[in-house]
Amino acid sequence: MATEFPLPRVLTYPASAPPSLIAQGAEGRLYKTTHLHADRPCALKYRPPKPYRHPILDARLTKARIAAEAKVLDRCYREGVPVPVVYALDAAAGWLMIEWIEGIPVRQGINEWLGERPEDDAPPAEDLDETPIVDLMKRIGQAVGSLHRTGVIHGDLTTSNMMLRPRPQGSEPEADAKKKAVAGDVILIDFGLATQSSSDEDRAVDLYVLERAFASTHPRAERLFSHVLEAYKHSFKKAHSVLIKLEDVRMRGRKRSMLG
Ligand SMILES: Nc1ncnc2c1ncn2[C@@H]1O[C@H](COP(=O)(O)OP(=O)(O)O)[C@@H](O)[C@H]1O
Ligand SMILES: [Mg+2]
């Protein structure tokens, strides 16, 4: 079958399942395929050449970005941060193959939970048990905390760049569909903009990006965000000073938006 762009050779490995396109972003495409074994699904991130960029510069940029993303993921995985493991890469060819994470994006889980809520921002009714969604907020805070503890800044924290992976069958059978939507382990993905830093400022900006993304993606759940920060606070030693810095970062953000 003719393709619009030449596919990287890895996409045509005989052992691989036919790759299916999962997402097409500004920077690249994400395919689902298999790695080495038919029952080992994987995500293949491919950054095609950009025709509008100088070819040598483009090749150098692509190679550096793929290599950086793989390096950060690898480091996180070894330090126990919940991220997909790296299976293979060819930075010069522009691709990275990582573990396939089952489940749904956190954004979708939160929206499914909110789906049955009343539209207004009224405080929850007395009988409304918010424990499952509050628990999810805490797991998000812990995941981001473990990332920061290892000295990595994500650079694009949103509820779309986190997956909710169901726990192995039978561990907690969940009859309630709504509860099921927000159950599972939080896995951080999309390290295309990640950098290494342990400064309070960089960590605070990372949290601020998430706070803003959360407020615009989930306006009806905005008040729940405090649970993310509360869990973050207890996730590593320096987290407390990051949260103090976050107040400065917010203030600057407000000033900037007042100036237009
Ligand atoms: N390892 C993975 N397992 C399962 N789905 C993934 C994985 N990585 C990415 N995805 C899906 O593909 C989408 C795009 O991937 P992402 O890494 O976020 O790239 P982009 O830079 O295009 O946002 C994600 O939002 C997610 O739905
Ligand atoms: Mg993404």
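How many aromatic pairs does the count come to by the ring-centre rule?

1. The count comes to two aromatic pairs, where rings of Phe, Tyr and Trp (its six-membered ring) pair if their centres lie within 6.5 Å, and planes under 30 degrees apart count as stacked, over 60 as edge-to-face and the rest as tilted. The rings of F214 and F225 are tilted, because their planes stand at 45°, with the centres 5.3 Å apart. Since F214 belongs to helix α5 (residues 200–217) and F225 to helix α6, the pair ties together parts that are 11 residues apart in sequence. Both F214 and F225 are buried, a term that means under 20% relative accessible area, with exposed over 50% and partly exposed in between (1.4 Å probe, protein chains only). The pair of Y232 and F236 is edge-to-face, at 5.4 Å centre to centre and with 90° between the planes, and both Y232 and F236 are likewise buried.

2. On provenance, this is a predicted model, in which local features need pLDDT of at least 70 and side-chain atom pairs count only at pLDDT 80 or more, while totals for chains, interfaces and linings use all residues. Residues are numbered from 1 along each chain as its sequence is written, chains are lettered from A and ligands numbered from 1 in the order in which they are written, and side-chain values use heavy atoms, with hydrogens and water left out.

3. Helix α6 spans residues 225–233 and includes S226; helices (H or I, at least four residues) and strands (E, at least two) are DSSP runs, numbered from the N terminus. S226 counts as partly exposed because its relative accessibility is 44%. Although S226 and G141 are 85 residues apart in sequence, their C-alpha atoms are 9.5 Å apart in space.

4. Five strands make up an open sheet in the order β1-β2-β3-β5-β4, with antiparallel pairing, where two strands pair if DSSP finds at least two bridges between them. Its edge strands, each pairing on one side only, are β1 (20–24) and β4 (86–90). Within the sheet, β3 (residues 41–46) and β5 (residues 95–99) pair in the antiparallel sense over five bridges, and Y46 has W95 in β5 as its bridge partner.

5. Two charged side chains sit over rings, a term that requires NZ of Lys or CZ of Arg within 6 Å of the ring centre and within 35 degrees of the ring normal. R40 lies over the face of Y87, at 4.1 Å from the ring centre, and K178 lies over the face of W113, also at 4.1 Å from the ring centre.
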